[in-house]
Amino acid sequence: MRNDFMLGSVKTYAATTRKLLETYEKTMGEPAPKLQGPPKQRYQTALSLFEKKSIRLPESLPNTQNISDIDDIPPNAFFDAMVDTIFSEKFSNDDDYLLRDFLRTATTLATQNLGATKRINVGNNLHFQRMFQYVRELEEWADAEEPGYGLQVLNAAGAGKVAQYPEGPDKLIIRIWHN
């Protein structure tokens, strides 16, 4: 199961790095340098290209008004939105909540923070697998790091295993806790 999540992380870093490099080429008018190393290192190197050049991205790059896919939201922005959602008023109690409600709140927050006008649908669609990947990564990270908050994905009955690749958020809940 961990290998599947790692594969999802690799794909996420690769897609985000590719978009960063495309933006670099459009902004600088020159080819982006070839990056080497593990996916996370390539992503961090791509980010540093912007810092080194002190590039100020125009409002139109990336076009945040056209966010239509979970891949259009940077992973860190979505993780931040999930953490903010955990501490939001709607999820303030240490309790169980529908995964669908949690993801709707997190995606709305993430897209609003990026200035998008369209929200991403949550359901049995192409977005769900990536969103679920992010939820699992947050679940693992919170468990390993012990930041004083976290979540756990459960079946709606609160018992039994959760499918490795569930089709959608129906029949899934999350247990949220804060310290």
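The model is a predicted one. Its protein chain contains five helices and three strands, and going along the sequence these turn up in the order α-α-α-β-α-α-β-β. The chain has 179 residues, and 41% of them count as buried. What about contacts between residues that sit at least 6 apart in sequence? Of these, 67% link residues at least 24 apart.

Helix α3 is a handy place to start looking. This helix covers residues 75-86 and is twelve residues in length. From the first C-alpha to the last, α3 reaches 17 Å, which is close to the 16 Å expected at 1.5 Å a residue. Quite a few of its residues are tucked away from the surface: Pro 75, Phe 78, Phe 79, Ala 81, Met 82, Val 83, Thr 85 and Ile 86 are buried.

Next comes the pairing of α3 with another helix. Two packed helices are described by the angle between their axes and the distance between the axes. For α3 and α4 (residues 99-113), the angle is about 125° and the axes lie 8 Å apart. The crossing of α3 past α4 is right-handed.

Which residues make up this contact? On the α3 side they are Ala 77, Phe 78, Ala 81, Met 82, Asp 84, Thr 85 and Ile 86, and on the α4 side Phe 102, Leu 103, Thr 105, Ala 106, Thr 107, Leu 109 and Ala 110. Sorted by class, the contact has ten nonpolar residues, three polar ones and one charged one.

Leaving out residues up to four places away in sequence, Thr 107 touches Phe 78, Ile 120, Val 122 and Met 131. Phe 78 is itself one of the buried residues of α3.

Is Lys 171 buried or exposed? With a relative accessible area of 70%, Lys 171 is exposed. This lysine lies in the loop between β2 (149-155) and β3 (172-178). Most residues other than glycine have a negative phi. Lys 171, although not a glycine, has a positive phi of about 70°.

Terms used. Residues are numbered from 1 along each chain as its sequence is written. This is a predicted model: local features need pLDDT of at least 70, side-chain atom pairs count only at pLDDT 80 or more; totals for chains, interfaces and linings use all residues. Side-chain values use heavy atoms; hydrogens and water are left out. Axes are lines fitted to C-alpha atoms, for helices over the stretch in contact, and angles run from 0 to 180 degrees between N-to-C directions. Helices (H or I, at least four residues) and strands (E, at least two) are DSSP runs, numbered from the N terminus. A crossing is left-handed if the near helix is turned anticlockwise from the far one by less than a right angle, and right-handed if clockwise. Contact means heavy atoms within 4.5 Å. Ala, Val, Leu, Ile, Met, Phe, Trp, Tyr, Cys and Pro count as nonpolar, Asp, Glu, Lys and Arg as charged, and the others, Gly among them, as polar. The expected span of a helix is 1.5 Å times one less than its number of residues. Buried means under 20% relative accessible area, exposed over 50%, partly exposed in between (1.4 Å probe, protein chains only).
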